[in-house]
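Open the model in your viewer and get ready to select residues by number. We will walk from stop to stop, and at each one you will hear what to look for.

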Amino acid sequence: MIKKILLLALVLFGSVAMVAQTTVKGTVTDAKTGETLPGANIKIANKAVGTTTDFDGNFVLKTAEVPTFTLEISVIGYKMEKVEITKDNQKIAVKLTENETSLDEIVVSASRTPERIMESPVTIERMDSRAIKNTSAPSFYDGLENLKGVDVNTNSLTFKSVNTRGFATFANTRFMQLVDGMDNSSPALNFAIGNLLGMSELDVNTVELLPGAASALYGANAFNGIMFMTSKSPFDDQGISVSLKGGVTSQEAAGVNEYYDFNIRMAYAFSEKLAGKATLSYLEGTEWFATDERNTRNGEYAPGDRSLNDYDGLNVYGDEVATDLGGAVGRVSRTGYREQDLMKDYQAKSVKLNTALHYRPWGDDRLEVIYNAKFGVGNTIFQGANRYNIRDFFLGQQKLEFKGKNFFVRGYVTTEDAGNSYDSRFTAININRRWKSDQDWFTQYAGTYLVTGSHAAARAAADTGRLIPGTAGFQAAFDDVTADPSLVTGSRFQDQTKLYHSDINYNFKDLIEWAEFQIGGSYRLYSLNSNGSIFTDFDGPIDYDEYGVYTQMQKNFLEDDRLKFTASIRYDKAQNFDGNFSPRVSLAYAAGEGKNDNFRASFQRGFRNPTTQDQYIGLDAGAAILVGSAPDNLDRFTSSPLNVSTAGQAILGSTTTQLSGRLAYENSFSASSVQNGGFDASNSPLVKPEEVTAFEVGYRGLVNTGETSRLTVDFSAYYNIYENFIAVKNVLVPFYGQVGDNSLSLLALANGDFKAFQTYTNTSSDITSYGASVGLSTKIFNGFELGVNYTYAKFEFDQASDPDFEAGFNTPEHKFKLQFGHTNLFENFGFNFNARWQNAFVWESTFLDATVDARAVFDAQINYAVPSMKSVFKLGGANLSGQEFFSAPGVGAIGSQYYVSWTINN
């Protein structure tokens, strides 16, 4: 299928003859320096007809358009100029003025209407193709970490998780990522897998990022922030562009490994009505090895190593299977396998294909019809409750959109296939069980220990016949287990979940003069289809839906429209929950000459619906069973047969028992109370939407620091109050008895006849978070760009009020970032340097709770342009100090990455 699409794209981009009636010639220069500007866009207003300037800043435009018409001349980073063409063979000289600061750039996402960043009513960060060229990071997506207030947590080489304002996690369901208006999240997981299946760097037009809640305009998932990636239009950006990038990654555990990143973009406007484009990306490399074998106990690091009879290494799997053999033997765990033995070759891979056809029936922007098809296949590693090897994962999206100057209507479908993905923990557990059952292994261990009194001798005897990594027997068992979707005997997980989504928006600005009004809405349908390997969809797909409607009013007041008032409200209703209203009100005041001192304040309420997993998961993760709390899910889940102790068999009359999901919510002990010597009943009401009330103030402006120099200042502060914060709680379900009976249920705990469950619920505790960020940037020493920003983040929560709840703020309190560079240090040569520092912080997750050490990271790049070849060569590196660091406990240590690239823009 992909080959056919590429072949079609190549055929479509053949030449198309046009009859030229009008010729325009000209030169484009920098208004301040007088230097010519190669690559400037020359475009007929409201048409798809145009050209670009050559190496010397000259252009020749031949068009069938008959004068009079208007040309729009633009370059990223400069203010657009318009020139009226009144005759054939007209010659023009255009001088473009560089934007004083990045705050002059235009954004759309903050209010769903174009406005200067300077005048946006909320905090917003932005990256465009010029910033991408200058980033020192290996990719534009990695470069997002240099933006103010943005955290990028590295799960693996190809899976980065973007977050803002706290509560970070690799499964970041609080942060939304839109690619050309489409939610790029996995339908089953409800979060984006970084840019593994996202957008080609060559096709990125802009990236806009709104920290904080944005539910009032964008719905339930825009809770912690939202990111918009917008691609280039084939009408405006034509030609063939190619990027060749290669380099190495260096890590103590993995050594030095090569990686490659190839991108190609082809775009062509066949006429002023029809245009098309296709992009292809291919990345291959080696993941960061995870080799932390420190002992753990109850989700935290613990003293000891493999010499302990009950050792449970962090990146060692299979040793979670343990039992108390009683008497002098004590608690014993099976011998596990290291992660390196279970992740095959640690291959990271991403293949992305994006095709689009754009049709303008009247040859202008009154109406544009877009068909967009995106397909991605990749390998990566995801860390949730366990470590998952994501192999041959497929994500496809197809969109049909109708849009005009004041409206859009779009619908798209997202499909996914888990491919050959598997759970590394259950791979180890079930490989062990292939060569010897748990009962036989522990029986042999106990028997040998009673004879020898030696744990080492007992383990050696029980491990007789153990499959050794690298042998044919181990490989055969590995292949069988990773192909088996039942976690009782295998580790593969299946998923073919789909998502159907539609959006509509209309802006009445051409119909209503005194204020700008917008209305819109959305509808989404999930169809969960994991064949029972993730969700409780054993008997067929589970469908559920949600919808929302919103309106916004924006009005300018005072002289020169200096005061902007914005109010919006949205109503959302999900199938399993009551509806929610999300209001937002903001004021922005532009003071000073040229409106260059902008003050803003906003209030909004946002909410987050429980995810597909919060509602419908039914997964035995080994250490605990995860059961979602949708009302119709509690009885859908039944555990596999669980072994009952000898004493318990006399009570139940059976050697095994099975537990329903309902018991986790209605007959269970609080895990933390049992660990602390108490026996309190758990409190796990069914999950409902999480809510936040957010207050924000900010300032953006220019401060004169000399006759010709200015300092850009961007400051914001926020305070969030959370209600019904969605939480997971660990509970213990007894095999017999009723919690609170003070008899049988306690006897079940004493006999070890219980199973740990993880429930999905809300905490009644008060949670608040607050923070501030400030960014300063200027130009010094004749064009050197200097920027520095600081972010403060904090949250408050009384743990004693809900001992079973983990907030998972997972964000450093202090972050400093520095940028220094020059885009044209000397002719065609530029460089950029970035530094980041953050303090140590606690990371809480179902995988492990531990402290992440403080770190300082340095990235740099140099670039050289060869205009005659339409090429830019770039040499750079990330983490140049070589000091390895962890973004979270359990992931691979992040080493250094060095690269060289050649980009051709034709």
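With which side chain does the side chain of Gln819 make a polar contact? Select both partners: the side chain of Gln819 meets the side chain of Asn832 at 2.7 Å. A polar contact is a pair of N or O atoms within 3.5 Å; within protein, one must be able to donate a hydrogen and the other to accept it, and residues adjacent in sequence count only if both atoms are side-chain atoms.

Before moving on, a word about what is on your screen: this is a predicted model, in which local features need pLDDT of at least 70, side-chain atom pairs count only at pLDDT 80 or more, and totals for chains, interfaces and linings use all residues. Residues are numbered from 1 along each chain as its sequence is written, and side-chain values use heavy atoms, with hydrogens and water left out.

**Stop 1: around Gln819**

Stay with Gln819, which sits in strand β48. Helices (H or I, at least four residues) and strands (E, at least two) are DSSP runs, numbered from the N terminus. Now show the contacts of Gln819, where contact means heavy atoms within 4.5 Å. Leaving aside neighbours within four places in sequence, you will find Glu785, Leu786, Gly787, Asn832, Phe833 and Asn834.

**Stop 2: Ser887**

Next, select Ser887, in the loop between β53 (871-878) and β54 (896-905). Is Ser887 buried or exposed? Ser887 is buried, with a relative accessible area of 1%. Here buried means under 20% relative accessible area, exposed over 50%, and partly exposed in between (1.4 Å probe, protein chains only). Look for the backbone oxygen of Thr154, which the side chain of Ser887 reaches at 2.7 Å. Beyond its neighbours within four places in sequence, Ser887 has contacts that include Asn153, Phe170, Trp843 and Ile894.

**Stop 3: two helices crossing**

Colour helix α6 (residues 438-452) and helix α7 (residues 455-462): their axes come within 8 Å and cross at roughly 145°. Axes are lines fitted to C-alpha atoms, for helices over the stretch in contact, and angles run from 0 to 180 degrees between N-to-C directions. On the α6 side, show Trp441, Gln444, Tyr445, Thr448, Tyr449 and Thr452; on the α7 side, show His455, Ala457, Ala458, Arg459, Ala461 and Ala462. These residues divide into seven nonpolar, four polar and one charged. In this count, Ala, Val, Leu, Ile, Met, Phe, Trp, Tyr, Cys and Pro are nonpolar, Asp, Glu, Lys and Arg are charged, and the others, Gly among them, are polar.

**Stop 4: salt bridges**

How many salt bridges does the structure hold? There are 40. A salt bridge is a side-chain nitrogen of Lys or Arg within 4 Å of a carboxyl oxygen of Asp or Glu.

- Lys245 and Glu201: the closest N and O atoms are 3.9 Å apart. Lys245 lies in strand β17 (residues 239-251) and Glu201 in the loop between β14 (182-183) and β15 (204-211), so this pair ties together parts 44 residues apart in sequence. Lys245 is buried at 10% relative accessibility, whereas Glu201 is partly exposed at 24%.
- Arg434 and Asp484: their side chains meet at 3.9 Å, N to O. Arg434 is in helix α5 (residues 424-435) and Asp484 in the loop between α8 (472-482) and β31 (498-507), 50 residues apart. Arg434 is partly exposed at 38% relative accessibility, and Asp484 is buried at 16%.
- Arg700 and Asp714: the closest N and O atoms are 3.8 Å apart, and both residues are buried.

**Stop 5**

Most residues other than glycine have a negative phi, and most peptide bonds are trans. With that in mind, find the bond from Pro67 to Thr68: this peptide bond is cis, with omega near 10°. Thr68 is in the loop between β4 (58-63) and β5 (69-74).

Then jump to Asn742, whose phi is positive, near 55°. Asn742 lies in the loop between β44 (725-734) and α13 (744-750) and is exposed, with a relative accessible area of 63%.

Finish at Asn828, which has a positive phi of about 70°. Asn828 is in the loop between β48 (814-826) and β49 (829-838) and is partly exposed at 22% relative accessibility.
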